[in-house]
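Subject: Structure for you to look at

Hello,

Here is the structure I promised to pass on. Please open it and keep it in view while you read.

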Amino acid sequence: MRNLKATIVSLKTSRFLIGRLVYTAAFLIISIPEYLASAQKRSELWYGVRYGKDYHQKASFTLENRYPDLFSICQNYFNYRSELKILSFGCSTGEEVKTLSQVFPKAEVVGVDINKRSLRKARKNYENSKVSFLHSESMNFKNASYFNVIFCCAVFQKTDNRDQSNHESKYLFSKFEKAITELDKKLNKGGLLVIDHSDFLFTDTSLFRNYEVLDAEGNRLKRNRPYYDSNNKRVSSFTETNRVYIKISDN
Ligand SMILES: C[S@@+](CC[C@H](N)C(=O)[O-])C[C@H]1O[C@@H](n2cnc3c(N)ncnc32)[C@H](O)[C@@H]1O
């Protein structure tokens with residue numbers, strides 16, 4: 001089954017028209033029932049069209065406690081300081097925010113997403129006096145600042161870029177860097193920027209000069225997924241990088 005799927009995926013970029021037609025037909029046969037059955041999947045398609053140019057990852061898959069290692073690295077860094085303000089950028093349906101509010105019970109946690117259906121679900125399930133959710137294009141989010149931690153997990157990527165035969169990124173480095181630059185303005189000096197499951201490296205951005213790698217056990221991780229350079233070219237079939245950075249300067 002896996003071999004069949006890999007063969008079909010490889011036809012996407014076939015130099016033969018017939019190969020690309022077989023891929024499109026297989027894609028439609030597999031996807032249509034999936035989209036008919038899932039309102040969440042349809043929302044990814046709908047908001048993908050509506051906010052296309054601002055979108056990073058469209059898929060909204062998420063889990064509670066998905067990054068226990070990252071949460072505990074941040075907990076150790078702040079040493080149970082209570083007055084933290086935490087941002088989960090690309091929070092999807094809110095499970096990451098729920099976990100963060102459990103790991104940091106006294107913190108104010110803000111979840112932000114571009115998919116309004118995900119936000120409605122998140123608000124319904126998890127909103128309370130310390131937890132709120134904002135749309136990424138809202139004025140409230142544009143004006144939000146003074147965060148102590150910003151999580152961007154599984155946001156700065158495209159599923160297509162996981163295809164090991166892909167040599168050029170389907171998602172532009174300039175878009176990644178622009179988004180990170182906006183988020184950087186919202187982060188306090190001494191705060192932490194957490195980036196995981198990304199198609200690009202934070203160390204390749206011009207912003208990295210204002211940051212240091214957080215010296216913490218488990219920060220550096222090797223993942224079996226390709227990454228791309230600032231010219232959108234694939235560098236390697238695996239990614240080995242740190243994920244937590246301290247902001248050391250505002251300039
Ligand atoms: C795979 S989910 C990641 C959820 C969660 N952070 C996690 O790691 O489990 C990616 C999320 O990023 C959101 N997203 C994509 N582009 C965005 C943007 N420009 N602003 C805010 N959220 C965005 C998607 O709507 C989706 O919910």
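Below is what was found, element by element. One caution before that: this is a predicted model.

**Strand β4 and its partners**

Start with strand β4, residues 147-153. Seven of its seven residues are buried, so the strand is largely enclosed by the rest of the structure. Strand β1 (residues 85-89) runs parallel to β4, and three bridges join them. To find the pairing by eye, look for Leu-87, which stands opposite Ile-150 in β4. β4 also pairs with strand β5, residues 187-196. That pairing is parallel too and has six bridges. Here Cys-152 stands opposite Ile-195 in β5. Helix α8 (residues 173-185) belongs to this part as well: β4, α8 and β5 make a right-handed β-α-β unit.

**β2, α6 and β3**

Now move to β2 and β3. They run parallel and are joined by five bridges. Val-109 stands opposite Val-131 in β3. The chain goes from β2 through α6 to β3, and this β-α-β crossover is right-handed.

Helix α6 covers residues 116-126. Its buried residues are Ser-118, Leu-119, Lys-121, Ala-122 and Tyr-126. Viewed down the helix axis, they fall within an arc of 160°, so they line one face of α6. Why can residues separated in sequence point the same way? An α-helix has 3.6 residues a turn, so residues three or four places apart do so. What do the buried residues of α6 pack against? They pack against α5, β2 and β3 (131-135).

**Ala-107**

Ala-107 sits in the loop between α5 (95-103) and β2 (108-113). Is Ala-107 buried or exposed? It counts as buried, because it has 20 C-beta neighbours inside 10 Å, and 20 is the cut-off for that label. Setting aside neighbours within four places in sequence, Ala-107 is in contact with Leu-84, Lys-85, Ile-86 and Lys-130. Val-131 is 24 residues from Ala-107 in sequence, yet their C-alpha atoms are 8.6 Å apart in space.

Best wishes

How values were computed
Residues are numbered from 1 along each chain as its sequence is written. This is a predicted model: local features need pLDDT of at least 70, side-chain atom pairs count only at pLDDT 80 or more; totals for chains, interfaces and linings use all residues. Helices (H or I, at least four residues) and strands (E, at least two) are DSSP runs, numbered from the N terminus. A residue is buried if 20 or more other C-beta atoms lie within 10 Å of its own, exposed if 12 or fewer, and partly exposed in between; C-beta atoms are placed from the backbone. Two residues are in contact if their C-beta atoms, placed from the backbone, lie within 7 Å. Two strands pair if DSSP finds at least two bridges between them. A crossover is right-handed if, with the strands pointing away from the viewer, the path from the first strand over the helix to the second runs clockwise. The arc is that of the directions from the helix axis to the C-beta atoms.
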